[in-house]
Amino acid sequence: MHVSFCLPTECYLFHKTAETPSQKETIKHSVWRCSICTYDNDETMSSCDICGVLHGPLLNNSIYDKKRTANIFDLKSSRVSSTVVGRDEAVKVSSMRSDSSNLSTEKGKHNRLDEINLLKNIEVGPPAGSRTSDNCSASVPEGWLDHVDESSVAVNLRSSVKRSLSLMPKERNVMVDDSSSSRNGGEANSLTSNLENISFAAKSGHSNDANPGRANSRAQYKPEKWMLPEKAEHSLTQLNLAIVGHVDSGKSTLSGRLLHLLGRISQKEMHKYEKEAKLQGKGSFAYAWALDESAEERERGITMTVAVAYFDSKRYHVVVLDSPGHKDFVPNMITGATQADASILVIDASIGSFEAGMDGTKGQTREHAQLIRSFGVDQLIVAVNKMDAVDYSKERFDLIISQLGTFLRSCGFKDSSVSWIPLSAVENQNLVSAPSNFRLSWYHGPNLLDAIDSFQPPTREFSKPLIMPICDVIKSPSQGQVSACGKLEAGAVRSGSKVLVMPSATIATVRSLERDSQACPIGRAGDNIAVSLNGIDGNHVMAGGVLCHPDFPIAFAKHLELKVLVLDGATPILIGSQLEFHIHHAKEAARVARISSLLDSKTGKVAKKAPRCILAKQSAVVEVILQEAICVEEFSKCKVLGRVFLRTLGRTVAVGIVTRIVEEQ
Ligand code: GTP
Ligand code: MG
């Protein structure tokens with residue numbers, strides 16, 4: 001079936017070419033009609049009041065539109081984040097990273113406006129020297145900025161593969177890309193109950209598998225003995241720990257400090273970071289530099305892609321996934337955090353900063369908390385960082401607990417699964433030992449490391465057929481080798497195992513495995529591994545694909561039924577809405593083809609059939625058609641391949657699950 005896609009801007013372009021300026025509705029009338037939802041907007045509105053589609057006449061630059069369209073739809077290429085490596089070293093080769101580098105400025109953090117203006121200079125062509133926010137806002141309406149933003153996000157999606165080699169010279173860091181962001185204004189919504197209803201409905205829902213034979217046989221799978229961990233094994237359980245939180249809250253500094261305290265960063269390396277950071281006038285970022293390893297990240301003082309590092313606690317082999325906090329890089333945060341078993345939400349306790357993170361439109365604290373909960377993470381440490389900046393005030397700590405606690409509850413976190421730890425990464429208070437600063441003597445709880453050890457071990461799907469979503473591909477052309485990196489979600493592999501590489505549907509043989517850059521004989525569910533493959537063309541292995549058991553292929557589809565929950569503050573979703581569809585490490589352009597029903601948020605039952613749109617905080621059953629097929633499973637069969645995020649204009653507008661594969665490829 002051929003489906004024609006049309007982004008709002010494209011709709012406009014089409015519309016615009018059919019008009020002469022004299023025919024513009026804005027001139028003739030005091031209203032303009034939205035081409036998507038047909039709502040009549042006041043001429044002063046730059047975007048549709050109902051669905052957010054931009055008003056055409058504001059966009060007068062086709063060069064920019066072409067670029068943006070290419071970014072959104074050129075998703076095939078965006079999936080292949082090829083990283084070429086030699087035997088023991090990896091060299092980042094991310095074409096889009098260099099693209100995004102071109103956008104960087106020298107002004108350090110929070111310089112999105114500079115980027116936007118730079119884009120504007122390049123693409124719209126105003127004179128040089130107009131790169132100020134004033135210039136930007138004077139001539140560019142808000143909706144336009146959103147579009148520029150989104151374009152950049154698409155760029156960054158492709159540049160998200162990161163290897164922190166400088167951190168651990170002997171280790172290879174598997175990594176990640178992608179994102180999302182939502183607006184959460186006003187009161188906390190009851191995301192939890194909505195999601196629970198959605199999940200429940202998925203289990204009991206009217207699943208209509210296009211390939212029932214495939215699904216049935218999956219249930220009959222019998223694992224071989226070697227695939228199951230032996231009880232006698234004393235190795236530490238792997239815990240994938242996502243470090244999330246608002247920009248600048250100190251996630252990388254905290255991660256770097258922890259790694260240093262636990263001996264994963266040598267004194268010599270630390271001295272080097274300190275020296276280099278000071279030289280660049282960024283002395284306070286020395287610990288963050290251990291994770292923010294790219295020149296652009298260091299220059300801007302901002303994490304852009306997820307960094308991966310490792311340390312051992314008493315109970316766990318911890319995989320640290322240090323996420324970017326800036327809203328532009330939420331797509332990257334998503335891919336890292338989808339792998340998480342547990343999470344640390346870092347809060348900046350400083351006056352004004354905690355509040356900024358909680359801001360409904362600009363803050364990422366709420367959005368990250370909502371996202372990780374919707375990824376299935378239910379164990380959380382809230383690291384209340386920068387307590388030194390508030391003189392280790394108990395009152396400030398209590399206020400943060402009370403305000404954020406209410407919101408976390410509304411997201412579905414149980415009080416008993418959330419630990420609150422006051423600390424200071426910079427002053428090394430309460431990280432791996434009890435605080436030495438007397439001003440924190442009022443605190444008698446566990447330190448951060450102890451709190452990590454008190455996480456419940458994650459459950460693993462050892463007895464199910466192999467599933468490994470590919471988040472990164474490493475190619476070594478000289479040796480003709482290709483490795484797929486990612487987290488094993490189910491099953492196990494070892495050297496000699498045959499695997500089916502999707503979506504190319506090619507069988508390959510596992511040559512060798514690496515875990516934390518060490519060769520390992522077997523990879524089992526929960527492990528982050530690099531699987532070196534034989535017998536396959538490197539072009540057939542791509543990020544966003546999946547390694548699976550040859551007898552239990554996962555589905556590859558473009559027409560899906562979803563149950564979605566529209567996030568608080570998001571613009572309505574309409575039939576025909578164009579969205580970015582995110583699922584495990586893949587993303588694709590999607591069009592809402594049908595809104596089947598609205599669901600009652602309390603019971604999950606159908607409240608209204610065939611509504612015209614879905615508003616914020618409503619849940620609904622929708623059908624989406626993707627521009628290209630993706631690897632997918634129904635949520636009831638495989639959670640990780642059935643959890644989706646819908647984004648538009650740089651924001652996450654909905655979270656959901658796949659309830660039915662309508663049409664398989
Ligand atoms: P993004 O990844 O860009 O979202 O930022 P981040 O959360 O990783 O923050 P980062 O570690 O880059 O730190 C941002 C700034 O906060 C740096 O200047 C740090 O020195 C500072 N910082 C981090 N932890 C502390 C702390 O405990 N106390 C104080 N006073 N400053 C801190
Ligand atoms: Mg950071």
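A: A crossing is right-handed if the near helix is turned clockwise from the far one by less than a right angle, and left-handed if anticlockwise. With that in hand, take helix H17, residues 365–374. The model is predicted.

Start with H18, residues 394–411. H17 and H18 pack at an angle of about 30°, and their axes are 10 Å apart. Angles under 35 degrees count as roughly parallel. H17 and H18 are therefore roughly parallel to each other. Their crossing is right-handed. On the H17 side, the contact is made by Thr365, Arg366, Ala369, Gln370 and Arg373. H18 brings Leu404, Phe407, Leu408 and Cys411. By class, this contact of H17 with H18 has five nonpolar residues, two polar and two charged.

Now turn to H15, residues 330–337. The axes of H15 and H17 come within 10 Å and cross at roughly 35°. H15 passes H17 in a right-handed crossing. Val330, Met333, Ile334 and Ala337 of H15 make the contact. Their partners on H17 are Glu367, His368, Leu371 and Ile372. By class, the contact of H15 with H17 has six nonpolar residues, one polar and one charged.

Key. Residues are numbered from 1 along each chain as its sequence is written. Chains are lettered from A and ligands numbered from 1 in the order in which they are written. This is a predicted model: local features need pLDDT of at least 70, side-chain atom pairs count only at pLDDT 80 or more; totals for chains, interfaces and linings use all residues. Side-chain values use heavy atoms; hydrogens and water are left out. Axes are lines fitted to C-alpha atoms, for helices over the stretch in contact, and angles run from 0 to 180 degrees between N-to-C directions. Helices (H or I, at least four residues) and strands (E, at least two) are DSSP runs, numbered from the N terminus. Angles under 35 degrees count as roughly parallel, over 145 as roughly antiparallel, 65 to 115 as roughly perpendicular and the rest as oblique. Contact means heavy atoms within 4.5 Å. Ala, Val, Leu, Ile, Met, Phe, Trp, Tyr, Cys and Pro count as nonpolar, Asp, Glu, Lys and Arg as charged, and the others, Gly among them, as polar.
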